[in-house]
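Subject: Structure handover and notes

Hello,

Please find the structure below, followed by notes on what turned up in it. Keep it open while you read.

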Amino acid sequence: MGGSSKQVTGYRHFANFLLFIGNPIEKVLGINFDKRGWQTPLIGEQKNPLPVGVVDLPNLYGENEGGVKGLIHAKYGTKTQSPVDFYVDYLAKNDFPPIAYPYQSYLTFKDFYLGNSGYMKEMLLWPKRIHVRNDGRPQWYDEKAEIPEISYISEGKSWSELPVSLSLNCRWGGSSIGGTDVGGTATIGTASFPLFEGETSYQVRFMGAGEIANGDPVGAEPSLYASSIFVHEKGMIPVSEKKGTALPPLRWKTNAMPNFDGYGNGPIVRQFYGDGYFYWGGGEFHYKLATSLNGANVQLLRNNTAVFNFGVNAVSPDWLFTEGYLVLEAGLYEVRYDVGVRYTEYSKVRPLIHFTAKVALSSRIDSGDINPIHKIREIITDDTAMNKPESDVNDINFIKAADRIWDEGLGISWSITEKSCLEAINELCGHIEAGVRVNRQTGLYEMVLFRDDWFEESEIHTLAINKIKSMSLEIANADEAINQLNVSYYNRESIKDSSFSIAENASIRNLNGRVNAEDADFPYFMNQRNAAVVAQWKLKQMSSPVWKGSFTTAEYNARKWNRYDLLKLAWPRKWHGTITVRIMKINLGIGTDVSIDFVEVVPYSSNLSSDIVIDEPIDVAPQPPLACQYEPFEMPYYLAVMALGQRQVDEELSYENNFGLVGVVAEKPQSNSLYAVMMTHSGIEGEEWLRAATINYEPVADLDQIISRTSTSFTVKDSSAIAELPIGTLIKCGSDWIGTPGEWMVFQGVDPYTGVLSVKRGALDSLPQAWGINTKLYFCGNDVAYDSTEYVAGEEVLVSALTTTPSGMLENKGSIAIEMNARAFRPYPPANVKINGLYFPEEVSGNPILTWVNRSRSQQTGGDILGWFDGGVTLESGVTYQLIVIMIDASNVETEFLNVNVGTVNTYTVDLSTTPSSAKQFKIILKSVRDSYESLQRFEHYVVKPLTAPQNLTAIYNQ
């Protein structure tokens with residue numbers, strides 16, 4: 001009898017191959033398989049090129065088509081590069097010598113999974129070569145070789161009309177660090193955030209338009225103007241982003257401080273500093289700066305030269321406020337700021353830096369384009385192109401041109417296989433409205449930019465009328481003036497050719513609405529902004545009637561003139577005075593005669609009444625990564641056990657009781673994001689960010705009501721998202737800010753009719769707390785993303801969650817700081833605490849009787865997770881309870897009345913008979929202690945004595 005047979009349903013295909021890119025490159029910015037989104041396997045966390053990258057997308061093409069997976073070895077075309085090891089082995093087996101292909105960049109794929117279709121799908125590469133030349137040498141004039149990628153912010157406004165402001169380190173605070181109720185709300189932009197007990201500090205970073213009131217900004221409390229970044233002590237949480245604000249990221253240094261209060265909790269001190277770039281259209285620039293309590297330094301630079309410096313020291317509590325105007329030239333500017341040390345404790349509103357600048361461009365510094373002047377120079381001098389000696393290039397002139405194009409932001413990118421040098425130079429010049437010439441006096445190559453101010457007045461030639469022997473004239477663009485350009489360019493974001501049209505309205509009206517259109521192609525511009533800027537210059541020239549022609553002269557100096565020079569030309573038979581013409585060609589005739597072709601110059605900077613019409617895209621571009629809401633935390637003992645196993649955790653704690661892990665939960669920000677990346681940083685300056693884990697998004701719900709410490713049922717805004725979750729799912733609620741850890745709950749179900757959510761409160765090592773509307777609940781369960789690095793108490797870990805989508809990964813623009821507290825080693829706090837049989841009574845009569853139940857870390861690692869209101873278990877070995885009672889008089893002066901270790905009992909009667917009559921209120925604190933480590937959270941409640949009725953009153957009646 002035969003055995004059962006297996007049916008083959010498909011094959012997985014693997015291949016080894018070399019993929020040549022071309023000449024030397026710097027890095028491969030991305031690889032896009034089948035236009036499914038850019039991957040960056042060959043770029044490190046610091047944007048540096050990697051020799052080997054990993055692609056792990058086995059399901060990229062779908063369940064049936066498979067995907068791609070494997071190692072990619074990169075060679076970047078250096079002179080001394082060595083061959084890939086496995087390729088050497090392959091050549092040796094086939095009796096070929098090892099080949100490293102010096103000066104050639106290529107990718108080598110080893111046993112690379114291609115998918116299930118049997119062929120390699122289209123692969124797009126994004127190589128970068130800007131800072132090295134074609135032969136591998138460092139780039140000429142490298143500081144202006146890379147032009148940041150910029151984009152238009154149209155919104156119906158011109159490029160110099162959009163206000164953008166920058167303000168830093170603003171905050172609003174409540175009462176004391178002690179944690180009394182704050183009440184009210186903090187308003188940031190259009191969003192309000194309720195303030196509850198323990199929330200004592202807010203910080204805000206501005207990214208939108210906003211104004212600081214003249215004079216003392218303190219008067220703005222608590223409204224915090226327009227804002228898009230909401231910050232607490234832990235770091236930054238994105239709320240919204242205003243497109244196009246070219247603002248720098250906020251960074252900080254952290255320094256230690258002495259203890260601030262009786263519990264050993266000191267304020268965190270941060271030194272705020274940063275830098276960034278923005279484009280300025282030219283003209284008046286308005287700035288406002290204010291500071292208090294400390295110094296602030298601001299510097300504005302252009303071409304690495306400071307154009308504005310401001311430094312001040314303000315003495316507490318005085319404020320210093322200043323504003324003014326600068327007249328700045330058009331171009332790219334860098335802003336550097338250092339606002340010094342700021343304490344993350346309660347304080348007034350402290351706006352520090354505020355610029356109001358009319359800009360309409362934003363920049364991405366990390367992925368710029370090459371300066372076309374550098375590309376033209378390389379074509380002239382490279383041995384694979386024109387191969388002219390570098391001494392044949394007028395470097396002073398080329399530097400001037402490179403500076404101007406860099407200021408204008410007209411970067412280009414290209415990839416060509418075969419093209420004549422002359423054709424390539426002409427195409428590049430057409431992209432930037434320029435020309436290349438050989439100076440007839442020096443024999444050097446020069447650039448001429450067709451700009452109004454390129455030549456000094458002294459460099460413009462003149463010619464007497466009597467020196468002109470003959471003149472031939474015609475009016476260009478008189479009858480068939482071009483009044484519309486159909487512009488095409490390459491849209492890098494959409495990975496395809498795109499187009500738009502520019503129409504000259506006045507010319508169309510003059511022709512009774514008739515449109516004469518012509519095409520303008522800019523294949524080397526990667527964004528609409530650059531194409532629109534140059535196309536408007538071209539349209540201005542093509543729609544304006546101008547004189548063109550040629551003349552013959554015997555003027556001796558005319559033989560010294562050069563192509564593209566400017567000449568002030570007089571010809572009274574046709575026009576009054578002189579017109580400025582550009583020399584387009586010089587022909588040396590017989591004897592002393594010189595024939596010159598010319599065209600009248602149209603000022604490129606003059607006004608153009610034009611409209612830009614952009615067709616609606618047919619293909620919807622993939623949504624870029626958006627910032628996700630996330631909450632990092634030090635993992636409790638239970639979650640550490642779920643991650644590593646109880647034996648390993650106990651062994652780690654027996655060796656180092658300060659041991660701790662950092663976990664994180666995150667909310668899915670968009671439909672096309674499958675996961676986020678957990679990045680961590682030690683907080684030490686100079687250290688690199690490390691990729692710690694992959695974050696699988698948790699189901700999330702937001703509170704739809706305020707809940708008290710005793711609420712176990714409440715409504716959330718979207719109960720359908722959590723209705724199918726299993727009973728017993730752990731819930732992360734609130735933020736583990738320094739000194740104010742959040743709360744853990746346990747999911748108990750959702751009423752299908754009312755949508756009311758039922759939970760257990762105060763699970764694991766947490767206590768029930770009051771929470772406000774919009775508080776986020778993360779239904780994360782036992783399996784949370786965590787950093788496998790083992791940290792110790794006292795360390796501060798910066799955590800960032802970066803959204804990933806098929807189009808890439810979010811840039812790291814902020815982080816949240818977590819201070820390690822040996823949480824896994826600390827005992828759980830007492831639970832189910834009652835005072836005179838009641839939960840959290842407002843007043844007590846007589847001597848209050850406290851009762852509570854035990855909790856144990858080791859007991860909570862199996863079975864159902866207990867809530868705070870559940871019954872007790874066997875007390876963890878070595879744990880005792882510490883009871884503290886503090887008296888508070890009418891002037892809010894606190895005096896410790898009782899501080900006693902009550903041992904392992906579960907009840908205690910506080911004798912208040914000896915307290916003075918001035919004691920109006922009592923703060924009762926109950927916490928667990930083991931091996932000198934206190935529970936992370938402690939029971940803390942305020943009670944008052946009820947008013948007693950007066951006795952032995954005597955009534956006196958007055959007639």
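A polar contact is a pair of N or O atoms within 3.5 Å; within protein, one must be able to donate a hydrogen and the other to accept it, and residues adjacent in sequence count only if both atoms are side-chain atoms. One such case is the side chain of Thr 553, which has a polar atom 2.7 Å from the backbone oxygen of Lys 467. A polar atom of this side chain also lies 3.0 Å from the backbone nitrogen of Glu 555.

Two notes on the source. This is a predicted model, in which local features need pLDDT of at least 70 and side-chain atom pairs count only at pLDDT 80 or more, while totals for chains, interfaces and linings use all residues. Residues are numbered from 1 along each chain as its sequence is written, and side-chain values use heavy atoms, with hydrogens and water left out.

Thr 553 belongs to strand S32 (residues 546–553); helices (H or I, at least four residues) and strands (E, at least two) are DSSP runs, numbered from the N terminus. Thr 553 is buried, because its relative accessible area is 0%; buried means under 20%, exposed over 50%, and partly exposed in between (1.4 Å probe, protein chains only). Leaving aside residues up to four places away in sequence, Thr 553 touches several residues, among them Leu 463, Ala 558 and Val 594; contact means heavy atoms within 4.5 Å.

Next, the salt bridges. A salt bridge is a side-chain nitrogen of Lys or Arg within 4 Å of a carboxyl oxygen of Asp or Glu, and the structure holds 34 of them. Glu 390 pairs with Arg 133, with the closest N and O atoms 2.8 Å apart. Glu 390 is in the loop between helix H2 (372–381) and helix H3 (395–408), and Arg 133 is in the loop between strand S7 (123–128) and strand S8 (146–152), so the pair ties together parts that are 257 residues apart in sequence. Glu 390 is partly exposed at 27% relative accessibility, whereas Arg 133 is buried at 13%. Both belong to a network of salt bridges that also links Asp 135, Arg 137, Arg 377 and Asp 395.

Arg 857 and Glu 876 form another salt bridge (2.9 Å, N to O). Arg 857 is buried at 10% relative accessibility, and Glu 876 is buried at 11%. Arg 930 has a salt bridge with Asp 931, at 3.6 Å between the closest N and O atoms. Here Arg 930 is buried at 5%, but Asp 931 is exposed at 54%.

Which side chain of opposite charge is nearest to Arg 826? It is Glu 934, 5.8 Å away, and Arg 826 is buried without a salt bridge; in this count Lys and Arg are positive and Asp and Glu negative, with His and the chain ends not counted. The side chain of Arg 826 does reach the backbone oxygen of Glu 934, at 2.9 Å. Arg 826 sits in the loop between strand S50 (816–819) and strand S51 (831–835). Its contacts, not counting residues up to four places away in sequence, include Arg 857 and Arg 930.

Last, helix H7 (residues 637–644). Its Tyr 637, Tyr 638, Leu 639, Ala 640 and Val 641 are buried. The buried residues of H7 pack against elements including helix H8 (646–655) and strand S38 (660–666). Just after H7, Gly 645 takes a positive phi of about 95°.

Regards
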